[in-house]
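Open the model in your viewer and set up a residue selection.

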Amino acid sequence: MNLYLRLLKYVQPYLPRLLLAVLCTCLASGCNLYLPWIIKDVVDKVLVQKDVQMLYIIAASIVVVFIIRGLFFYGQTYLMSWVGQRVVIDIRGAIFRKLQRLSMSFYDKNKTGTIMSYVTNDVAALQVAMVDKAVELVTEGLVLVGSIAAMLWLDWKLTLFTFCTFPVVLWFMDFFGKKIRRNGGHIQACTAELTSVLQEVVASARVVKSFVREEHEIKRFDAQNMTNFYANMKNIKLNALLTPTVEFVAAVGVTVVMWYGGMSVINGTITAGSLVAFLVYAVNIANPIKRLTKVVASIQQALAAGERVFGILDLEEAIKELPEAKSLPAVQGHVEFRHVDFAYNKEEQVIEDLSFKVERGQIVAIVGPSGAGKSTIASLLPRFYDVTGGSIVIDGVDIRNVTLNSLREQVGIVPQETLLFNGSVYDNILYGRLDATREEVEAAAKAANAHDFIMELPEGYETMLGDRGVNISGGQRQRISIARAILKNPQILILDEATSALDTESERIVQEALDRLMVGRTAFVIAHRLSTIKNADRILVMDKGRLVEDGNHEELMAQDGLYAHLYRIQYRSKEAK
């Protein structure tokens, strides 16, 4: 109930439309409740008393009632659906906004397909509860209450007989409802896992085909598909048990009512028309109860999806802005790491007591063996993660004391894996600064050595790049990424192995663009190929999360330490080729 009440809070902005929908529902249900009363008059006044005038009145009233009922039914369906759809849109928007605020650690721990399932499958399940089942719940509830009121008016003793079955029905609904809800959570988890497998295989189609693993992936998908099937079949079994159980209890009640009512007619206590009307109302009770059991079962399953949705909305954000956080002024580019520690978890210390200063405009390369902590440094500076000890300072200001937007707006990143959107070349570059002019976009492309190849594309800057930029080469994707960073015009720049995946010719062109990009900026260059950072102002050598060497290329080679060792290994490998 608490969960459903929380869902209803999203309805509050649309309360006027909801109240109007409920009014239409009440009037439509009232028309349904009037029909058994017509049957009573047909039996008592037309068939028994031979009243022809009453027959004409009843015939006309039936036509009028169904016209009115149709109008109000349309009103209730449209308005309830409108409110439900708006609520679903609001919830989906709330989840998406929450996902934008969650830190990178959330994305590290959750599969992409699972995250997508929260926004698609889980919200779709909520849509069923908030739209289709909500309309049915209100309609059947009103018919149930109205039928009981009419039955009490006709004969309160018969009504008491009918009520004897209610506690039993409610107990079965509660018993099965709890089981359906628990299994509903399992169904949503299975569906999320299925979506995750699908997303992984589609995103890795090239890898799957290169290793000839189509059959393996088919088997993996089929296995998860069957798991999803068995979870759904369990729910179907519970629903299949619930409905006939409730129907049997209701049938027993109707049988008792029919026997007692028949005896009352024979004894002259009530009229035959009243008994017929009462039995129709009794059936009117049985049908809503039957439908309500199905509605409750569906809502229970949907609420399991609601628990997953609100589980995301209630997640604590790992990277938080302080209440008193201020906007970071335009930075000069002085950066200092002060005794920085960092661990992804308690057992895995990645950075330990790291301290260094970088002056404005310096180009600082960060090198070291795999797992030394190089890329972690690149993630700590824009606060994708927070340090677990020490502090990072820009122009004398601790980055935890400023707003995230003002910090990240002034830090540019060119990653190793270039991620482009399924849009035009122009839109992908414009992403660096959305208010830039056409001339500024083209100037950034020229500075990134990208303008010439863009103009050779079929539609120039309006050429669609496809999913993740699949329609152009790796070097071209990287140059568009650099153009995006140039357009952003950050004072602090992070190049995270930006040329490591390129061939020699592409690397030369991209390196020219990077050299142009770094002029006048404080730049951190995380490099695997040491030949690309020989001219850096400083080279920081990392090993097992610690800073072990610091100097320029000549100084480090003279020290004959880890850097010299790594450089000679790469040089010999290059010579061997």
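Predicted model: local features only at pLDDT ≥ 70, side-chain atom pairs only at ≥ 80, totals over all residues.

Arg383 is buried, because its relative accessible area is 2% and the cut-off for buried is under 20%. Its place is the loop that joins helix 11 (374-380) to strand 4. Check the backbone as well: Arg383 is not a glycine, yet its phi is positive, about 60°. For background, most residues other than glycine have a negative phi.

Next, select strand 4, residues 389-394. How many of the six residues of strand 4 are buried? Five are, so strand 4 is largely enclosed by the rest of the structure.

Four strands make up an open sheet, ordered 2-1-4-5, with antiparallel pairing. Strand 2 (348-358) and strand 5 (397-398) are at the edges; each has a single partner strand, so one side of each lacks a neighbour in the sheet.

Go through the partners of strand 4 in turn.

- Strand 1 (residues 335-345) pairs with strand 4 in the antiparallel sense over five bridges. Pick Phe337 here: the residue opposite, in strand 4, is Ile392.
- Strand 5 pairs with strand 4, also in the antiparallel sense, over two bridges. Pick Val393, whose bridge partner in strand 5 is Asp398.

Stay at the hairpin of strand 4 and strand 5, where two residues lie between the strands. Asp395 in this hairpin takes a positive phi near 50°.

Move on to two helices: select helix 14 (residues 438-447) together with helix 16 (residues 474-488). They pack at an angle of about 125°, and their axes are 8 Å apart. That angle makes helix 14 oblique to helix 16. The crossing of helix 14 past helix 16 is right-handed.

Show side chains at this contact. Helix 14 contributes Glu440, Val441, Ala444, Ala445 and Ala447, while helix 16 contributes Ala483, Ile486 and Leu487. What kinds of residues make up the contact of helix 14 with helix 16? Seven are nonpolar, none is polar and one is charged.

For the last stop, select Asp560, in the loop between helix 18 (553-559) and helix 19 (562-576). Asp560 has a positive phi near 55° and, again, is a residue other than glycine. Is Asp560 buried or partly exposed? With 47% relative accessibility, Asp560 counts as partly exposed.

Definitions and conventions:
Residues numbered from 1 in each chain as written. Heavy atoms only, no water. Pairing = 2+ DSSP bridges. Axes fitted to C-alpha atoms, helices over the stretch in contact; angles between N-to-C directions. Parallel < 35°, antiparallel > 145°, perpendicular 65-115°, else oblique. Left-handed = near helix turned anticlockwise from the far one by under 90°. Contact = heavy atoms within 4.5 Å. Nonpolar A, V, L, I, M, F, W, Y, C, P; charged D, E, K, R; others polar. Buried < 20%, exposed > 50% of the residue type's maximum accessible area, 1.4 Å probe, protein only.
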